[in-house]
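Please find below a colleague's note on the structure shown here. The points are numbered so that each may be taken up separately.

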Amino acid sequence: MATPAHVAIIMDGNGRWAKARGLPRLAGHRAGVEALRKTVRAAPGLGISFLTVYAFSSENWSRPKSEVSDLMGLLKLFIRRDLADLHQSGVRVRIIGDRAGLQSDIRGLLDEAESLTAANEALTLVIAFNYGGRDEIVRTARKLAAAVARGELDSEAITAESFAGALDTQGIPDPELVIRTSGELRLSNFLLWQAAYSELVFLPCYWPDFSREHLAEALREFASRERRFGGLGPQDVASRPAAG
């Protein structure tokens, strides 16, 4: 079975999971963190080398202050409680997103997670935090424009490949598979550049209910698809009339 090396997940439905059970939204977010732990443990055994998760979008700041505060607290708790286990398990942590303006204690934790695990190779866990796909593209364009203005870069040298190499995800392959839970059918500003040719799988379960079997189900769906990248598949080539 063809297995994607890089799987990205939009972890959606924590609030609705909690509401369905008559619980506060924080309970849903806590259950979502546990689902993330299980997914990280399961990924290497399923052949996944890179796992990217949408933890906090740049649009999430518009949520009620109390919920944002709860989410920041859960992030701090996750890193403080889980970082040693992730390191021991050989997981490398990468953070993508805009760190400008983040509280110093949060920036410090993100930096610590990356530096401590930099040499690990069992799995790369990419956490999209304060991340938005459009924002990432704009920040990258500004960075390259500034390099051109300083005379350090020729504008003609900017290609799709060099632009991709300047994104937050530099050094990370594009995801072959993007999974979204909760039944919503959109990317919500997630990895807009990188997901150009990703296979998309939408699952009806809320994120706190996501299990190893749900991940395996998405991998089976991925394996059943024919990836063409804008070209022709084997059946299309075989059906073309012979030349001459």
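The points below cover the basis of the model, the annotated positions, the salt bridges, selected residues and a surface patch.

1. Basis. The model is predicted, so local features need pLDDT of at least 70 and side-chain atom pairs count only at pLDDT 80 or more, whereas totals for chains, interfaces and linings use all residues. Residues are numbered from 1 along each chain as its sequence is written, and side-chain values use heavy atoms, with hydrogens and water left out.

2. The unreviewed UniProt entry gives "active site" for D12 and N60. These two span 49 residues in sequence, yet no two of their C-alpha atoms are more than 12.5 Å apart, so they gather at one spot. Both D12 and N60 are included in the lining of the largest pocket. UniProt positions follow the numbering used here, feature names are shortened, and annotations may be inferred rather than shown by experiment. For the pocket, a 1 Å grid over the protein atoms alone is used: a pocket is an open set of points where a 1.4 Å probe fits, with protein on both sides within 12 Å along at least five of seven lines, and lining residues have an atom within 4 Å of a point.

3. Under "binding site", the unreviewed UniProt entry lists D12 and E199. From this set, D12 belongs to the lining of the largest pocket. E199 lies in strand β6; helices (H or I, at least four residues) and strands (E, at least two) are DSSP runs, numbered from the N terminus. E199 is buried, with a relative accessible area of 15%. Buried means under 20% relative accessible area, exposed over 50%, and partly exposed in between (1.4 Å probe, protein chains only). Beyond four places in sequence, E199 is in contact (heavy atoms within 4.5 Å) with E176, L177, V178, F222, R225 and R227.

4. Surroundings of D12. D12 sits in the loop between β1 (6–10) and α1 (14–20), and is buried at 16% relative accessible area. Not counting residues up to four places away in sequence, D12 touches R180, T181, S182, E184, Y206 and W207. With R180, D12 forms a salt bridge whose closest N and O atoms are 2.9 Å apart. This pair links distant parts of the chain, R180 being in strand β5 and 168 residues from D12. Both partners, D12 and R180, are buried. A salt-bridge network joins D12, R16, R180, E184 and R186.

5. Other salt bridges. A salt bridge is taken as a side-chain nitrogen of Lys or Arg within 4 Å of a carboxyl oxygen of Asp or Glu, and a search of the whole structure finds 20. One of them pairs D105 with K76 at 2.8 Å, N to O. Here D105 in helix α4 (residues 104–117) and K76 in helix α3 (residues 65–88) are 29 residues apart. D105 is partly exposed at 31%, whereas K76 is buried at 17%. Another joins R220 to E213 at 2.5 Å, N to O. R220 is partly exposed at 42%, and E213 is partly exposed at 47%.

6. Most residues other than glycine have a negative phi. S182 lies in the loop between β5 and β6 and is buried at 9%. N189 is in that loop too and is buried at 15%.

7. G133. G133 lies in helix α5 (residues 133–149) and is buried at 2% relative accessibility. Leaving aside neighbours within four places in sequence, G133 is in contact with N189 and L192. G133 and L191 are 58 residues apart in sequence and 5.1 Å apart in space, C-alpha to C-alpha.

8. Surface patch. L185, L200 and F202 make a nonpolar surface patch of about 260 Å². Patch residues have over 30% relative accessible area and no salt bridge, and nonpolar side chains (Val, Leu, Ile, Met, Phe, Trp, Tyr) are joined within 5 Å. Areas come from the Shrake-Rupley method with a 1.4 Å probe. L185 lies in the loop between β5 (177–180) and β6 (199–202), and is exposed at 63%.

Terms used:
Patch = residues over 30% accessible without salt bridge, like charges linked within 9 Å, V, L, I, M, F, W, Y side chains within 5 Å.
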